[in-house]
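Here are a few exercises to work through with the model on screen. Try each one yourself before you read the solution.

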Amino acid sequence: MWDTMNASREKRGELHEAYVRELEPALARLRLRLSGPGDPQLDGSVESLDAVNEWFLTFIKERQETETVDLPSWWNPARPTAESGVPGSGPFTSSQLVLIDEVQAYLGEVLTKARPDATWVIYKGHKLDSWNGQTMLQTGKGMPFAVRGIVYNEALGAFLYRREVPVKQLSELVRTALAG
């Protein structure tokens with residue numbers, strides 16, 4: 001991922017604009033991916049997140065050694081992905097990063113459907129805050145919702161650390177954010 005904490009204001013702005021611009025294409029890819037009869041339904045409801053997350057947590061565990069695909073704008077292309085085989089490369093293949101991108105775009109859609117007043121913002125925290133400069137979804141007063149970070153961390157837990165990630169985790173986080 002890009003180091004937004006130490007990025008210039010201009011770079012943060014560029015990354016934010018690219019992130020927001022890529023949400024709809026990522027959603028379109030996910031809708032195409034999940035268009036089969038047994039696939040989770042992407043109706044934009046909070047309840048749909050459980051089925052989507054169950055599918056995601058299963059699918060992200062499969063190392064997808066396919067061809068390299070275009071990386072999401074939030075991934076620093078100077079950092080090699082797992083399929084490169086370069087020591088120190090990221091934990092995920094480019095295909096897995098695209099999957100994370102698609103699911104986080106859907107999570108953002110669910111939140112914005114539930115809270116039409118929600119807006120994508122560049123988080124401005126303390127200069128040493130690792131979230132500083134990242135695009136997040138402001139759903140009310142207080143800390144914005146770290147959509148990408150939440151889905152990325154779920155993927156890390158399930159794939160890299162082999163932890164049991166609760167299927168209801170996303171929907172519970174959304175319900176908490178909407179209640180606040």
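**Exercise 1. What volume does the largest cavity have, and which residues line the largest cavity?**

Some ground rules before we start. This is a predicted model, where local features need pLDDT of at least 70, side-chain atom pairs count only at pLDDT 80 or more, and totals for chains, interfaces and linings use all residues. Residues are numbered from 1 along each chain as its sequence is written, and side-chain values use heavy atoms, with hydrogens and water left out.

Step 1. On a 1 Å grid over the protein atoms alone, a cavity is a set of points where a 1.4 Å probe fits but cannot get out; lining residues have an atom within 4 Å of a point. A volume is the space filled by probe spheres set on the points, with grid points joined across faces, edges and corners.

Step 2. The structure holds 1 cavity of 30 Å³ or more. The volume of the largest cavity is about 100 Å³.

Step 3. Now the lining: look for Trp2, Thr4, Arg12, Leu15, His16, Tyr19, Ser73, Trp74, Gly133, Gln134, Thr135 and Arg148. Helix H1 (residues 9-21) gives the most, with 4 residues. Helices here are DSSP runs of H or I, at least four residues, and strands are runs of E, at least two, numbered from the N terminus.

**Exercise 2. Where is the place of Phe92, and is Phe92 buried or exposed?**

Step 1. Find the loop between helix H3 (48-59) and helix H4 (94-114); Phe92 sits there.

Step 2. Buried means under 20% relative accessible area, exposed over 50%, and partly exposed in between (1.4 Å probe, protein chains only). Phe92 has 0% relative accessibility, so it counts as buried.

Step 3. Contact means heavy atoms within 4.5 Å. Leaving aside neighbours within four places in sequence, the contacts of Phe92 include Ile60, Leu97, Tyr152 and Phe159. Thr81 is another of these contacts: Phe92 and Thr81 are 11 residues apart in sequence and 6.0 Å apart in space, C-alpha to C-alpha.

**Exercise 3. What share of the residues in the protein chain is buried?**

Step 1. Buried residues make up 49% of the 180 in the chain.

Methods. On a 1 Å grid over the protein atoms alone, a cavity is a set of points where a 1.4 Å probe fits but cannot get out, and a pocket is an open set with protein on both sides within 12 Å along at least five of seven lines; lining residues have an atom within 4 Å of a point.
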